[in-house]
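Here is a short briefing for a reader new to this structure.

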Amino acid sequence: MDTLKTAMDDAAAECSLAVPSLFATNTTDSYVQLKRYMRQAAKELLSRIDWANCTVDYTLTGAGSNSFVLPTDFGRLVRNDDPNDPAVWSDSMRRSFSPVIANGEWTVLQSMGPTPSYGYRVVGPNIEFTQNIAVGDSVTISYVSTDWISHASTRVGDWEDDADLTYLPARLIELGVTWRWMRKRGLEFASYQGEFEIELSRLSNDDRSIRKINFGQREFGGSPYRNLTVPTLGPDPNV
């Protein structure tokens, strides 16, 4: 990993600013603005790509309820297109869970009572499941962390010291800061933004080559509806 100051020094030089001896704690207006653009660039990168260094697997332990508080550094669930590596799964139940988007679908699944449907949704700071997670069962969620900086070997979400390291590609931080600075001042910024997009595509493709290996035999599926017994329609023939 690179120091964040290295990326910011390069950005400052590209923006025709003097490279400061201290950056993280600098209160000069120009450098404060660069640090604001740094946060914007990091937020964009975390929103667009499931970076391996910023992805965390977090295990929830069942307690007989269906709602759990998410970690404080939770940004979003991963957007993984690999059906064998879902965002939410349970090794103890040997199942993956599927997102429930529509409120009507959620209501129907909840009304099925104890029938397992293996659905989930994120509501504010919580993740909810369509069924209670029994005591002894566990569910793992794979999410993108908002803590993209290493400060004294601890993950943090903001720049605290010039020795801090970045889990995000330093080159993308530099370019993301530079094109924002240029645009704000009415200068030519499209070339920097274009280079940012090219580097983003290349580095994200390289990053995706780091894959998790699944040694389990979990059953994965699509909509939670596929797990439900289809009711018989029409009059009851026994009546």
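## Rings, charges and a pocket

The charged end of R155 lies over the ring of Y167, at 3.9 Å from the ring's centre. The model is a predicted one. A search of the whole structure turns up seven aromatic pairs. One of them joins F23 and Y31, and it is edge-to-face because the ring planes stand at 80°.

**Charges over rings**

- R155 is placed over Y167, with its charged end 3.9 Å from the ring centre.
- R36 lies over the face of Y37. The distance to the ring centre there is 5.8 Å.

**The pair F23 and Y31**

- The ring centres of F23 and Y31 are 5.4 Å apart.
- The planes meet at 80°, and over 60 degrees counts as edge-to-face, so this pair takes that label.
- F23 has 0% relative accessibility, so F23 counts as buried.
- Y31 has a relative accessible area of 11%. Buried means under 20%, so Y31 is buried too.

**The pair F74 and Y143**

- F74 and Y143 form a tilted aromatic pair. Their centres are 5.4 Å apart, with 40° between the planes.
- This pair links distant parts of the chain, 69 residues apart.
- F74 belongs to strand β4, residues 74-77. Y143 belongs to strand β10, residues 138-145.
- F74 is buried, with a relative accessible area of 17%.
- Y143 is at 2% relative accessibility, so Y143 counts as buried.

**A ring cluster**

- F68, F97, Y118 and F129 form a cluster. Ring pairs link these residues.

**The second largest pocket**

- The second largest pocket holds about 220 Å³ of space.
- The lining of the second largest pocket consists of 13 residues. Closest to the centre are A42, K43, L46, S145 and T146.
- Three elements, α2 (29-48), β4 and β10, each give two or more residues to this lining.
- Helix α2 supplies the largest share of the lining, with five residues.
- By class, the lining has four nonpolar, five polar and four charged residues.

**Where the topics meet**

How values were computed: Residues numbered from 1 in each chain as written. Predicted model: local features only at pLDDT ≥ 70, side-chain atom pairs only at ≥ 80, totals over all residues. Heavy atoms only, no water. Phe/Tyr/Trp six-rings, centres within 6.5 Å; stacked < 30°, edge-to-face > 60°. Buried < 20%, exposed > 50% of the residue type's maximum accessible area, 1.4 Å probe, protein only. Helix = DSSP H or I, 4+ residues; strand = E, 2+ residues; numbered from the N terminus. Lys NZ or Arg CZ within 6 Å of the ring centre and 35° of its normal. 1 Å grid on protein atoms, 1.4 Å probe; cavity = no way out; pocket = protein on both sides within 12 Å on 5 of 7 lines; lining within 4 Å. Points joined across faces, edges and corners; volume = space filled by probe spheres on them. Nonpolar A, V, L, I, M, F, W, Y, C, P; charged D, E, K, R; others polar.
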